[in-house]
Amino acid sequence: MFAKGVLYKENEAILYRMGELGFHPIAIHLMVFFEEHFREIKELGIQPSVMCYCMMLAVYAKTDRRDKANELLNEMLTNRVSNIHQVIGQMITGDFDDASN
């Protein structure tokens, strides 16, 4: 019980410091939560829906994790299971943009 209390205090201090640095603690919690569930979905052999991918991208954007967002977009673009994943990924990255828009 004591160790859990110590860890809680350490986590609380880390989250407070992250808030001071501009990271929103709620967004960080959401990122961890969504990453865990996203990973679980994939481990079960289920293809995450486009909505799942877009939610993950939104969480990464909120937490300023461009590296993770780029990895996820690349995963969407190389997804051979679903064309819609590729199309949405291309739309997000601007592959369909041209001089007319």
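The protein chain of this predicted model contains 5 helices and 0 strands. Read from the N terminus, its elements follow the order α-α-α-α-α. The chain has 101 residues, and 23% of them count as buried. Contacts were also examined by separation in sequence. Among those between residues at least 6 apart, 38% join residues at least 24 apart.

Isoleucine 84 lies in helix α5, which spans residues 83–93. Its relative accessibility is 45%, so isoleucine 84 counts as partly exposed. The limits for that class are 20% and 50%.

The cysteines were considered next. A disulfide is a covalent bond between the sulfur atoms of two cysteines. A search of the whole structure found 0 disulfides. Cysteine 52 and cysteine 54 show why such a bond is absent between them: the sulfur of cysteine 52 is 9.5 Å from that of cysteine 54, too far for a bond. The cut-off for a disulfide is 2.5 Å. For cysteine 52, the closest cysteine sulfur is the one in cysteine 54. For cysteine 54, the closest is in turn the one in cysteine 52. Cysteine 52 has 24% relative accessibility and therefore counts as partly exposed. Cysteine 54, at 27%, also counts as partly exposed.

Methods:
Residues are numbered from 1 along each chain as its sequence is written. This is a predicted model: local features need pLDDT of at least 70, side-chain atom pairs count only at pLDDT 80 or more; totals for chains, interfaces and linings use all residues. Side-chain values use heavy atoms; hydrogens and water are left out. Helices (H or I, at least four residues) and strands (E, at least two) are DSSP runs, numbered from the N terminus. Buried means under 20% relative accessible area, exposed over 50%, partly exposed in between (1.4 Å probe, protein chains only). Contact means heavy atoms within 4.5 Å.
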